[in-house]
There are 2 protein chains.
Amino acid sequence: MSRTEGRNGRHWIGFDLGGTKMFCAAFDGAMRMRAALRQATSAEDGTAGLDQIETMIRAVMRKAGLGRRELGGIGIGTPGPLDLDRGVLLFAPNLGWRNVPLRRRLETALGCPVVVANDVDAGTYGEYVSGAARGARTAVGIFPGTGIGGACVYEGRLLRGRRRSCMEIGHMKLLPRGPLCGCGRRGCLEAMASRLAIAAAAAAAAYRGEAPVLRKLVGTDVARIRSRALAESVRRGDTVVERIVRRAARHIGLAAANVVNLLAPDIIVLGGGLVEAMPKLFVEEVRDVAEREAMDAFRGTFRVVAAKLGDQATVLGAAALARAEARLA
Amino acid sequence: MSRTEGRNGRHWIGFDLGGTKMFCAAFDGAMRMRAALRQATSAEDGTAGLDQIETMIRAVMRKAGLGRRELGGIGIGTPGPLDLDRGVLLFAPNLGWRNVPLRRRLETALGCPVVVANDVDAGTYGEYVSGAARGARTAVGIFPGTGIGGACVYEGRLLRGRRRSCMEIGHMKLLPRGPLCGCGRRGCLEAMASRLAIAAAAAAAAYRGEAPVLRKLVGTDVARIRSRALAESVRRGDTVVERIVRRAARHIGLAAANVVNLLAPDIIVLGGGLVEAMPKLFVEEVRDVAEREAMDAFRGTFRVVAAKLGDQATVLGAAALARAEARLA
């Protein structure tokens, strides 16, 4: 992991394939961003999606002045379930795409190796390579959003399952008869602490008249209660919303304590839009609960910090994964 | 991991340093046991303990006909908290020993590398090397006893913390206001599902007259309610004890589901005296709950099995860890 490519060495493309937007960037061998492009994800099916992705990558290459021979590889991070070995996006929930052969198509079209990764895996790896978790022996990433994603970089490499991503911290069962989760079970962390769970509780509070700022800002529609509105509501005095968010953060802290007991990380990186909007609150609560609930032997052995790279973490991490894979090959 | 030593190659000592007994064995390069010795752990302090350990190792070497030059290394598994890097047993709770420099003392005395490991780590590694988890990509071991130990062999190596063992599955918080645990917190898995927790509930049942077989066998003293008595009580019709044991196993299944979601193991190995006494019951209940409570994506991707090596797992695993370390050196 210590070798770095020179300025004139190979370059790497990172691609963040999200449910609503795409973000593509080119990096040099030292992982400095050379060019980037963002677009809404507009394709109606996987085939059109592949066309859009390929077109964006070519545009970023042109923008960075890169020829094919300078391209070392491409990394793609995406939230849908993946077949990591075959590089296939099995399903993209927000988009309705199914069985999209990302690797095969892009390797053929662009003539370089393509690595496909879970977006939280890529984001956590990005934070490990050049963000908040740099140099950690064991780094755990927790990214609350619509769900709650997790990842772990252990001794320089992402922990993963045989064919798919793992570290599904969002489905850790914390409350046996807790609220119903999107997975069909009860009491999962994300049923209590995702942005969606927070938004739902905040919407109810707004409806009851307990969150006047939030109600004025965005109303009571959970689809409109995004991270910034929640942060603004807390900042401007909706104390009930603050209590809802802090309670969610404390549930994340409990899950973090369990992960500390299992994996003994040096560092826990909290990321995603919700944490970006309220980093101090989340870091405080998660740290407090994790330190108290983890075993005494682990006290003082880990730090809880906010991610540093924002939405660049995934593209950077995906590009760095392509670089790491090429080094192993 | 594929290279094997020939019959005339180096040999390895495995040592299981328990709170009540010690077990020492010599293995050839293919991990076949050549000689073994068991003794009660009688030493009153760490210094006397080191003498006893060294004397036992020398006796096993004589028994196996091994000279110093044939000895590749020694592995020691023990339940107490360890400084893995320095090879120091920080504290042995049942024995009262403190800061025992196992590695330094034995390396000096016996002139070969010494590796110190948590006993459940060693046992799970043993099952991975030549027991129930052979060939697994990711193997998780769960060993309910006085507490509940866990371990994970990931791509051929034990997951560990920076200086100490991890995978403390016994302290996973499963019930926010659950029973008090020995660690001072509430609702930890081992407060609900360890042999001690089971024995306590069974003792109360016996006292209430609901477990006549158990009461007749061993009475109501938790210190006397060991695994075999529990198994015998279940076998001979104490249905309340059976319910207590099954409920404990189901809690282990819930913790196992959380571990499946995090680490996506191929195999979960259940071991220890309690599981040995009732393997079918434990495997059934843990499998049932783990399959239902883990995410759908992991269904069918893992097996739940009973350990195969019994109390040989720790000595064998410890010896194999010494062998693995020597190969890396």
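1. Let's start with a pair of strands in chain A. Strand E9 (residues 138-144) and strand E10 (residues 148-154) of chain A pair in the antiparallel sense, with seven bridges between them. Keep in mind as you look that this is a predicted model. Three residues separate E9(A) from E10(A), and the two strands form a hairpin. If you want one bridge to find on screen, take A:Gly141, whose partner in E10(A) is A:Ala151. E10(A) is also mostly covered, with six of its seven residues buried.

2. A:Glu155 sits in the loop between E10 and E11 of chain A, and its phi is positive, near 50 degrees, although the residue is not glycine. Why is that worth a glance? Most residues other than glycine have a negative phi.

3. A:Met31 is another residue to check for its backbone angle. Its phi is near 65 degrees, a positive value in a residue other than glycine. You'll find A:Met31 in the loop between strand E2 (21-27) and strand E3 (33-40) of chain A. A:Met31 counts as partly exposed because it has 18 C-beta neighbours inside 10 Å, and a residue needs 20 or more to be called buried.

4. Three strands of chain A form an open sheet in the order E5-E6-E7, with antiparallel pairing. Strand E5 (82-83) and strand E7 (97-100) of chain A are at the edges and have a single partner strand each, so one side of each lacks a neighbour in the sheet. Strand E6 (residues 88-92) of chain A is joined to E7(A) by three bridges in the antiparallel sense. In that pairing, A:Ala92 stands opposite A:Trp97 of E7(A).

5. How far apart are the end C-alpha atoms of helix H3 (residues 119-130) of chain A? They are 16 Å apart, which agrees with the 16 Å that its twelve residues should span at 1.5 Å a residue. Eleven of those twelve residues are buried, so the helix is largely enclosed by the rest of the structure. Among the buried ones are A:Asp119, A:Tyr125, A:Glu127 and A:Tyr128.

6. Now for the two chains together. In chain A, 30 residues are in contact with 30 residues of chain B. Which helix gives the most to the side of chain A that touches chain B? That's helix H8 (residues 239-263) of chain A, with six residues. By type, the residues on this side of chain A divide into 17 nonpolar, five polar and eight charged.

7. Last, a glycine in chain B. B:Gly77 lies in strand E4 (residues 71-78) of chain B, and it is buried, with 30 other C-beta atoms within 10 Å. Setting aside neighbours within four places in sequence, B:Gly77 has contacts including B:Asp16, B:Leu17, B:Asn118, B:Gly123 and B:Thr314. As for B:Pro113, which is 36 residues from B:Gly77 along the chain, the C-alpha atoms of the two are separated by 15 Å.

Definitions and conventions
Residues are numbered from 1 along each chain as its sequence is written. Chains are lettered from A and ligands numbered from 1 in the order in which they are written. This is a predicted model: local features need pLDDT of at least 70, side-chain atom pairs count only at pLDDT 80 or more; totals for chains, interfaces and linings use all residues. Two strands pair if DSSP finds at least two bridges between them. Helices (H or I, at least four residues) and strands (E, at least two) are DSSP runs, numbered from the N terminus. The expected span of a helix is 1.5 Å times one less than its number of residues. Two residues are in contact if their C-beta atoms, placed from the backbone, lie within 7 Å. Ala, Val, Leu, Ile, Met, Phe, Trp, Tyr, Cys and Pro count as nonpolar, Asp, Glu, Lys and Arg as charged, and the others, Gly among them, as polar.
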